[in-house]
Amino acid sequence: MDSCVYQFERFRLSRETRELWREGERVVVSSRVFDCLLWLIEHRDRAVGRDELIGAIWGKADVADNLLAQLVVRVRRVISDTGDQQRMIRTVAGFGYRWVGAIELVATGAHESVGAEAAPVDQDTMRADESSGVARESAAAIFAVPQVELSVPSAAPAQPASTVEVARRAHASSRRWTMRATVGMLVCIVAAWVVLGERFGVSSSKTAAPNAVPTTAAMVLPVALDAGPDDSWMRLGLMSVIGERLHDAGQAVVPVDNVVAASRDLAAAPAASELDELARTTGAAVILQARANQAGGHWAVSLRTIRGREPGLSVDGSADDALTAARIAGDRMAVLLGFSPAAQTGRSASERELAVLLKQAEALTLSGRSAAARVVLQGATAEQRKSPEFRYQAAVLEFSTDHFDQAQTALESLVQDLSPEGSPVMRARALNALGSVFYTQGDKAGLIRVSNAAIALTSNRNAPEELGRALEGRATVAGLKRDWDAALADFAQARIAFEIAGDRLGAARIDAGIAITQSLRDRFSVALPMLETAAAQMAAFHSVGVEAILRADQVAIWLALANPKAALRIETRLHELAAQTASPGQRNSLDLTRAEILIANGQLGAAGLLLQPAYAETLKAGDEAYLFGMHYVAALYALNTGNRAMAEQEAGAALASRMDDAGARDPARMWLIRLRARIADEQIAALDPIVAAMEVWAAKDDTPVARAYAALAVAERAVAVGDHAAAESAYEQATQLAGEREVPADTLAVASSYASWLMGEGDLDRAGRIVGRVAGWADDDYEAALLQVRFYHALKQQAAWKSALDNARRLAGERVISADLLTPP
């Protein structure tokens, strides 16, 4: 039986086998990427509407346009197309997409492979680490290894210790595989919010008076349309216009980005319970719904209250154009709400045209349709292009499409042309946008410079939203520099500013930043409830990316607190978030975090099932930001399943990948795995380079945590060479340094090794004092439980040993306790 294969440029695609090949090598893609690509190719005779494409891929209609836009970006990347080139997939503005690339039909036998017989290995997908010898082929062995016995290190650690899954990064200027948050990571996720913060909502120069937090805000929902697909931008654009008119009349209005985020999954005819939840999330006292329709070239906009006013209020506006009709409706509603509409200044025809154009571009950009927004902006006249509003929107578009250099040039030119005296708020707005560009480029000096300038412009003006964003930028720099007190001070002021502006989403983002800052200071008892609250807030706003960061940080803390069972309670939510994200990198990151949780709880089979595809996809993508964590989790998995050699290789690959500022605990874990593997293999001469490198790393990190683990490495090396005095001195130093932060993971890592050595030396009194320090964690943590088993076995206390062994078996899961601990003393 023959099958039909589509060939285009260097690619071949088979519907029957659901395979995509590039120059003879199979390209691994997600099912949605494949479905999108196949649908566009098979319907290449026409343009495919967004709704049709969403239905074909997701099987339902209630999927946001931005998810489809993100998917199309991924498809274009796979086939080496771009939104600018559009060689294969052309955006049909206001409608959808069309396949325009040349297609050749190729018939092949069913037994034949679509690709070549011997496909060359793509070096970008191998990501081989020469220093450790880890490549894709050898790494595959991680997921099919037999279990062997695991135990706490013996007196001269001949076996690597069973894992304590330490799970938190301390500070990072770059993203980390698990999405565990730093203040900078949070800003990276929400940088587009900062740039687009005043996309087309209430102007900061007109926000509520700073002497009170708005408590009677009105929320205008996206406008329902009885119009064609070319007018779909009006859903947000008309919503913005109505909100502006209400605000100008004196009514506090929920910012547009809050509305878009909170109402993403709202039904067309929302139930009362849905509206109540929406009001709780956004702080809206009144919720308004509008509908627009066109008949005979005339537009009508109806506007009514659907929550917060009894009896309900209803008005209509009509005009030759939709924006004017929306303004009329907004003004009439303002009167019914008890306000006087603001006077409308006369505008020229060109100004009215520009207003429409900017509303279109802003709405399209916000909904993820950047290509369509670019087409709209290209229709501006030379005179319109000179306006600050146009220049700002054009720069925002460059930022949203990752053209950071162009965005920076445009924003710097705009800032230079705007007078601090004549246009202070617009200048601050451009400065804040420029700060987001600087952050994405790693320019901390640039970010602090523009943040300070924006703060100076807005501190004494009624512009709380821009002040909040500027303070948030400065707090980010302080966090990156580990100046926690300064970061918290600026976050606190930023939160007040966002509250004054009625920006619940901005305030929630600041809450997340404060929680993360506290966790980075190892103030876990303070951070945990704050993280839970902030994560719930982000869930209410449907902010999957930021909630994922916060949930992963919760996991990190619970594992650092030696409580993997508590971390396991979050695993289900991470699974749900992974299913919701459109980003393959984020999804793999969440699966890696889930695998780490399962490893820490001894669920090795389930962990392997998660780890294998996440490892392969992360390796294929080659994103350096995620490689450390990919190898990190693989090393833990290999260690727990008894493959010491592979654990060492993966640990070496993790350390060789990009991990600048990856924190102390995770790299320390990798160093110790490598050291202990060489001790177990009696490679004594190979220990010194590892210990020396670890000491250099610890000196650079310059934290008690890093120095504690470096001292632990010195101690274990001294044990291996028989230097009793050096071992004791280094163990004492490690104990003291680990005690400075009093984080269970650190204390337990040192105590397990130190007490085991003392037991081997016959010094049970001192060993008992150390074991007693970590006994409180034995009910939850497997390593602490094993240490209890070893100690009571050494004491020959059979009843205590039996009780400790039962507890360890309860926590072991699929991990195997070593035979020497199973034999009665």
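User: How are H29 and H31 oriented to each other, parallel or antiparallel?
Analyst: In this predicted model, H29 and H31 are roughly parallel to each other, a label for angles under 35 degrees, whereas over 145 is roughly antiparallel, 65 to 115 roughly perpendicular and the rest oblique. The axes of helix H29 (residues 704-721) and helix H31 (residues 744-760) cross at roughly 15° and come within 11 Å. Axes are lines fitted to C-alpha atoms, for helices over the stretch in contact, with angles from 0 to 180 degrees between N-to-C directions. Helices (H or I, at least four residues) and strands (E, at least two) are DSSP runs, numbered from the N terminus.

User: Which residues make that contact?
Analyst: Val 705, Tyr 709, Leu 712, Glu 716 and Val 719 of H29 make the contact with Ala 745, Asp 746, Ala 749, Val 750, Ser 753 and Trp 757 of H31. Contact means heavy atoms within 4.5 Å. By class, eight of these residues are nonpolar, one is polar and two are charged. Ala, Val, Leu, Ile, Met, Phe, Trp, Tyr, Cys and Pro count as nonpolar, Asp, Glu, Lys and Arg as charged, and the others, Gly among them, as polar.

User: What about H18 and H19, at what angle do they pack?
Analyst: Helix H18 (residues 484-500) and helix H19 (residues 504-520) pack at about 165°, and their axes are 9 Å apart. H18 and H19 are therefore roughly antiparallel to each other. Their contact has nine nonpolar, four polar and four charged residues.

User: And how do H1 and H2 cross?
Analyst: The axes of helix H1 (residues 31-42) and helix H2 (residues 50-58) cross at roughly 135° and come within 9 Å, so H1 and H2 are oblique to each other. Arg 32, Asp 35, Cys 36, Trp 39 and Leu 40 in H1 meet Glu 52, Leu 53, Ala 56, Ile 57 and Trp 58 in H2. Seven residues of this contact are nonpolar, none is polar and three are charged.

User: Changing topic: which residues touch the most other members in the largest nonpolar core?
Analyst: Ile 242, Leu 246 and Leu 550 do, in a core of 81 residues. A nonpolar core is a set of buried Ala, Val, Leu, Ile, Met, Phe, Trp, Tyr and Cys residues joined through side-chain atoms within 4.5 Å. A second, separate core of 75 residues includes Ala 664, Ala 727, Ala 751 and Ala 784.

User: Which residues does Leu 246 contact, leaving aside neighbours within four places in sequence?
Analyst: Among them are Val 220, Leu 288, Met 333 and Leu 337.

User: Now the backbone. Where is Asp 522, and is it buried or exposed?
Analyst: Asp 522 lies in the loop between H19 and helix H20 (524-540). At 11% relative accessibility, Asp 522 counts as buried. Buried means under 20% relative accessible area, exposed over 50%, and partly exposed in between (1.4 Å probe, protein chains only). Its phi is near 60°, a positive value in a residue other than glycine.

User: Why point that out?
Analyst: Because most residues other than glycine have a negative phi, and most peptide bonds are trans. Glu 23, which is not a glycine, also has a positive phi, of about 50°. At 55% relative accessibility, Glu 23 counts as exposed.

User: Which peptide bond is cis?
Analyst: The bond from Glu 310 to Pro 311 is cis, with omega near 0°. Pro 311 is in the loop between strand S13 (298-307) and strand S14 (314-319).

User: What conventions apply here?
Analyst: Residues are numbered from 1 along each chain as its sequence is written, and side-chain values use heavy atoms, with hydrogens and water left out. As the model is predicted, local features need pLDDT of at least 70 and side-chain atom pairs count only at pLDDT 80 or more, while totals for chains, interfaces and linings use all residues.
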